[in-house]
Every structure is written in structure tokens, then in C-alpha cells.
Amino acid sequence: MLTQERVTEILKEAGVLLEGHFLLTSGRHSDKYLQCAKIFRNTKYSEELCAALAEKYRDAGVQVVIGPAMGAVQMAYEVSRALGCENFFTERGEDGKMTLRRGFAVEPGEKVLVVEDVVTTGGSVKEVLELVRAAGGDVVGVGSIVDRTGGKIDFGVPFKAVYSAPVTSWEASECPLCKEGRLELVKPGSRKVK
């Protein structure tokens with residue numbers, strides 16, 4: 001079993017856990033940011049973290065692991081490898097909505113684990129859940145490497161994470177880092193700010 005100390009060590013070694021002044025996708029500001037894409041630069045980190053997540057769903061009968069592109073493509077692969085099942089990903093269509101393409105299809109009754117590298121608001125996960133349910137899939141759970149919600153999100157199925165990191169954030173007008181004016185505001189993520 002992977003300890004929280006080991007997970008923290010991995011996140012620091014991989015350069016995932018960043019400190020500074022960050023603009024989050026929500027438009028809020030924070031003094032910490034988790035750049036989980038860096039986990040997948042080195043298989044020694046991704047294999048260990050994804051195997052720990054897979055272990056949490058070992059007895060759920062998972063037949064396919066699905067993650068939203070881009071952040072969870074490699075993650076879905078690693079978790080499915082640890083579970084010994086198939087994997088694929090969703091991606092945004094021209095209308096901006098999550099969709100299954102490339103011949104991927106959820107079969108009615110198929111047991112699905114939805115994964116995401118980091119869950120903050122759960123927006124992408126909720127879109128994937130809707131897509132899987134609309135196809136008749138049986139969602140057995142949601143898994144993430146990092147839960148930034150502080151356990152305050154309900155997907156209607158079990159939600160398990162390898163690491164929980166509640167984020168302190170502020171509205172831009174209330175940000176103490178902006179008021180201090182000594183740290184440049186950085187937007188490290190790939191998604192547009194709301």
C-alpha cells in the first residue's frame with residue numbers, strides 16, 4: 001500500500017507540486033498548483049501512482065477504464081494495465097462537448113471506471129459520466145491521482161483518490177498575493193480561464 005508520505009515524495013520529485021502565485025481555470029488565485037501532467041513524464045511515477053489507484057477498484061469488476069483527453073489519456077492506460085482490462089478516452093467534439101470517437105464505444109452494462117488526473121470542480125468527469133450512462137454503461141466509480149475538492153464532491157458513485165490536497169484559493173479581488181505584489185501571477189494549466 002502506497003503511503004501518503006510516499007505520494008508526497010513522488011509529487012515533489014516529479015515537479016508536480018508547485019508553489020507561487022497561480023491563476024486557476026476557475027479564475028481564482030492560489031499559492032499552490034499541482035501540474036499532474038508531469039507525473040506521466042516518468043513511468044516510475046505513473047506506474048506506482050496508477051497501480052495504487054487501480055488497487056482501490058480491484059474488486060469492482062472493471063471492464064474498461066475511461067479518461068477525458070488530454071489529462072487522463074495516459075492515466076487511463078496505466079490504470080487499465082494494472083487492472084488487466086481495456087481503456088480508452090473521450091475528447092471534445094467540434095461542439096465542445098465530450099464524445100467518444102476513434103471507434104471507442106461503451107457497451108450496455110459494461111462496468112466502467114472513469115479516471116482523471118486531478119479533480120477540482122469535477123466538470124470533465126461529470127461530462128464523461130453522462131456520456132457513459134447515456135451509452136448504458138455501469139459506472140463503478142471515479143478515480144483520480146489528486147483530489148483537490150477536500151472530499152466535497154459527489155459523483156453519485158464511489159470517488160477514490162491516491163492523494164487529497166484541498167486548495168486554498170481566493171477571488172482575484174481578495175488575493176493576498178496580488179495585494180503583496182511581489183509574486184508574478186502564472187497560468188500553468190492548459191484550459192482557458194472561466
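**Contacts, cores, rings and a pocket**

Student: What does V115 touch, not counting residues up to four places away in sequence?

Tutor: V115 touches L53, V65, I66, G67, P68, A72, M75, A76, V79 and G143, with residues up to four places away in sequence left out. Contact here means heavy atoms within 4.5 Å. The model is predicted, so local features need pLDDT of at least 70 and side-chain atom pairs pLDDT 80 or more, while totals for chains, interfaces and linings use all residues. Numbering runs from 1 along each chain as its sequence is written, and side-chain values use heavy atoms, without hydrogens and water.

Student: What makes a set of residues a nonpolar core?

Tutor: The members are buried Ala, Val, Leu, Ile, Met, Phe, Trp, Tyr and Cys residues joined through side-chain atoms within 4.5 Å. Buried means under 20% relative accessible area, exposed over 50%, and partly exposed in between (1.4 Å probe, protein chains only). The largest nonpolar core has 34 residues, of which I39, V65, M75, V79, L113 and V115 touch the most other members. At least two residues each come from α1, α2, α3 (73–83), β6 (111–119), β7 (138–147) and β8 (159–164), and α2 gives the most, with six. A second, separate core of 17 residues includes V106, V128, V139 and V157.

Student: Why is the pair of F89 and F104 called edge-to-face?

Tutor: Rings of Phe, Tyr and Trp (its six-membered ring) pair if their centres lie within 6.5 Å; planes under 30 degrees apart are stacked, over 60 edge-to-face, the rest tilted. F89 and F104 lie 5.3 Å centre to centre with 75° between the planes, so the distance meets the pairing limit and the angle falls in the edge-to-face range. F89 is in strand β4 (residues 86–92) and F104 in the loop between β5 (98–99) and β6, 15 residues apart.

Student: Is F104 buried or partly exposed?

Tutor: F104 is partly exposed, because its relative accessibility is 25%. F89, at 17%, is buried.

Student: What makes the pair of F155 and F159 edge-to-face?

Tutor: Their ring centres are 5.3 Å apart and their planes stand at 90°, so the pair is edge-to-face. F155 is buried, with a relative accessible area of 6%.

Student: Which residues line the second largest pocket?

Tutor: The lining is M1, L2, Q4, V7, A51, A52, E55, K56 and V162. A pocket is an open set of points on a 1 Å grid where a 1.4 Å probe fits, with protein on both sides within 12 Å along at least five of seven lines; lining residues have an atom within 4 Å of a point. Its volume is about 160 Å³.

Conventions: Points joined across faces, edges and corners; volume = space filled by probe spheres on them. Helix = DSSP H or I, 4+ residues; strand = E, 2+ residues; numbered from the N terminus.
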